[in-house]
2 protein chains.
Amino acid sequence: MCNQEATAMVFQEIEKPFNSQTVKFPVLKKGEVLIQITYATICTSDLHTYYGRRKSHAPSVLGHEVIGIVVDIAQGGVRDYVGEQLQLNDLVTWSVYAHDHDGKMAQKGFPQKSEDLFKYGHEKVNGEDILSGGFATHCHLRAGTDIFRIPEGISHKEATPLNCTHATIAGAIRLAGELIHKNVLVIGAGMLGISACAMSKYAGADQVFSMDINPDRVENTLHFGSDLGLDAQLSLEEIRQLTQPLGGIDVLIDTSGSAEAMEKGLSILNIGGISIWVGAVYTQRNLSISAEYIVRNLLSIKGLHNYMPEDLAYAIQFIRETNKIYPFESLVSKDYPLAQLDEAFDSANSEEKYRVGIKPI
Amino acid sequence: MCNQEATAMVFQEIEKPFNSQTVKFPVLKKGEVLIQITYATICTSDLHTYYGRRKSHAPSVLGHEVIGIVVDIAQGGVRDYVGEQLQLNDLVTWSVYAHDHDGKMAQKGFPQKSEDLFKYGHEKVNGEDILSGGFATHCHLRAGTDIFRIPEGISHKEATPLNCTHATIAGAIRLAGELIHKNVLVIGAGMLGISACAMSKYAGADQVFSMDINPDRVENTLHFGSDLGLDAQLSLEEIRQLTQPLGGIDVLIDTSGSAEAMEKGLSILNIGGISIWVGAVYTQRNLSISAEYIVRNLLSIKGLHNYMPEDLAYAIQFIRETNKIYPFESLVSKDYPLAQLDEAFDSANSEEKYRVGIKPI
């Protein structure tokens, strides 16, 4: 296969056209896999990078919500997450990062913060080594990537957001602990929020409430497990009046990253409530929090960034078991060929879309 | 026993002498027990109440760190926490509150916030019903109190702080989760802080660091499991220089309640660190917290107030297994007879003592 070629769309500068670059297939080292990408989606954090709303490496190949087919495997073979040998033509997804499974941070239970983390769709391009992101024909998986076969019955549009959106929410659900007999409030009704509504219900939550400033988005969460949509403009008292008769709020998952929303959320939690913060990945004002209130109400706050490989396993199980119940496919509104990536980014950024897809082949 | 009498020292008003009041022994209802108090200690929260530093019911009988001997048991018998029938003359401690074990909050896992909570040493006196606190000859235990036999080999001075100080810290240790291979920083080196140092070590923590503004108190924690004492005036950089070579700080237990200390604590936690807030039970300025920092560093914050009965069981086991290692008895500097309660409060408040004892018989 050594004379074959791959193409990647290289991000050079904020809001500048992507630069199509072609390279030979890499010679795989131990533990590596070459993937032919079949589908990718533009995640909100790709937009943050492209439009300069956060600091990122450049040049780089963006795209990390991505799936593909195994087209080359390093000598000696590579095992998937469950320990089975990968085969050519397997359709797979993979953890958004490669890491040293024997490293100190992994041993401490925080693989997503490993010292040597290699994060797909986020790495600075190094010479010819450009196959590190999803907006390309191929992706070169490093040793230490947790690779998962995608079960039959899951469409490309359903599978692609698995390794970012759904796996991140699976991490939040893990932090929430037991959800049976508990009510969940999801703040923010974008892709993460929709996943959080559906996965909370899947994990056994009793009532699921959703909240956003956008009424159409709130409305749409009702198709994904939310029992009650709430306008983010409601006062604390109004929220209490609506939620208390149903048992109040035991767990909150904030996907909005809004300081106001997170502060408000702490004030409406039941005693012993848990607030899981997922969305606050950009700079904003500090929150003002009463420690006495946290203490007397036995509240917990848990921050989540990236996720653990086991979360991706849970996310796959979740999609496999719920994609007949919830219309996940509807969340990817349109797809573009790889060569039209500029147009795809414009479209993803300018309209109220959850996801725009990229279909390289 | 119905013609016998008990005496309680009733708290009437802030900084006013306690009022000695004598009542007949109560006729016990189902599930109740009468205790002859053998020892009580003045907890810092008793001082907060007596000196008007927090709002409390009055008149009331203060004192909740207390032990005693069973002198009367309701018809039908009463079982202790492990399900054994209590016997006359058993030396016992008990949960600081009585609660409905079948109630909604107990079922949700928050017995300490039950709807019908009866909290010893905190209840407003109701007519003749004054035997609700520790500064008395007797205490009238309500149905729903978790009662624990005190094992042999534990002295009165060691046993009395069990049902407040040590049980509260046991709750913090429960919230911390696994401590093996982890380092703990204890902020505040009073009675709670000392217990937190010793119990962290007992629970398997690797390094235990202690911090306070009072150097003598920091020094004393070194006799209770702390490996390294830190001056609270140190800068974040200085704390990092001292703790990073030892592995940094994975778990923080704040017993100080200081906003500055809790903010500082969040800034020096390792990735994935947990900050447990115990001390913030009084009004103060809000904390200023960066949600992005919490998220990117996978930090958790957990508030603890009161404790669960199982925490008291753990605290008893802890004292039984460590009272030959750590000089807990030295923490109760002096004791007074019940009639000299005014003097005992003056002494407890005016000097740098951990605990002053009250010996009613």
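In the predicted model, B:Glu15 is exposed, with a relative accessible area of 51%. This residue lies in the loop that runs between β1 and β2 (19-24) of chain B. A:Asn89 is placed in the loop between β4 and β5 (91-98) of chain A, and with a relative accessible area of 61% it is exposed. Most residues other than glycine have a negative phi, and most peptide bonds are trans.

A:Pro59 belongs to the loop between α1 (44-50) and β4 (65-73) of chain A. In chain B, the peptide bond from B:Ala58 to B:Pro59 is cis, and its omega is near -5°. B:Pro59 is located in the loop between α1 and β4 (65-73) of chain B.

Helix α11 of chain B spans residues 341-350, and its buried residues are B:Leu341, B:Ala344, B:Phe345, B:Ser347 and B:Ala348. Viewed down the axis of α11(B), these buried residues fall within an arc of 165°, so they line one face of the helix. An α-helix has 3.6 residues a turn, so residues three or four places apart point the same way.

With a disulfide taken as a pair of cysteine sulfur atoms within 2.5 Å, the count over all chains is 0. A:Cys139 is in no disulfide, and the nearest cysteine sulfur, that of A:Cys164, is 14 Å away. A:Cys139 counts as buried, at 1% relative accessibility. In chain B, the sulfur of B:Cys164 is 3.9 Å from the closest cysteine sulfur, which belongs to B:Cys43, and this distance is too far for a bond. B:Cys164 likewise counts as buried, at 15% relative accessibility, because the limit for a buried residue is under 20% relative accessible area.

Methods
Residues numbered from 1 in each chain as written. Chains lettered and ligands numbered in written order. Predicted model: local features only at pLDDT ≥ 70, side-chain atom pairs only at ≥ 80, totals over all residues. Heavy atoms only, no water. Buried < 20%, exposed > 50% of the residue type's maximum accessible area, 1.4 Å probe, protein only. Helix = DSSP H or I, 4+ residues; strand = E, 2+ residues; numbered from the N terminus. Arc of directions from axis to C-beta.
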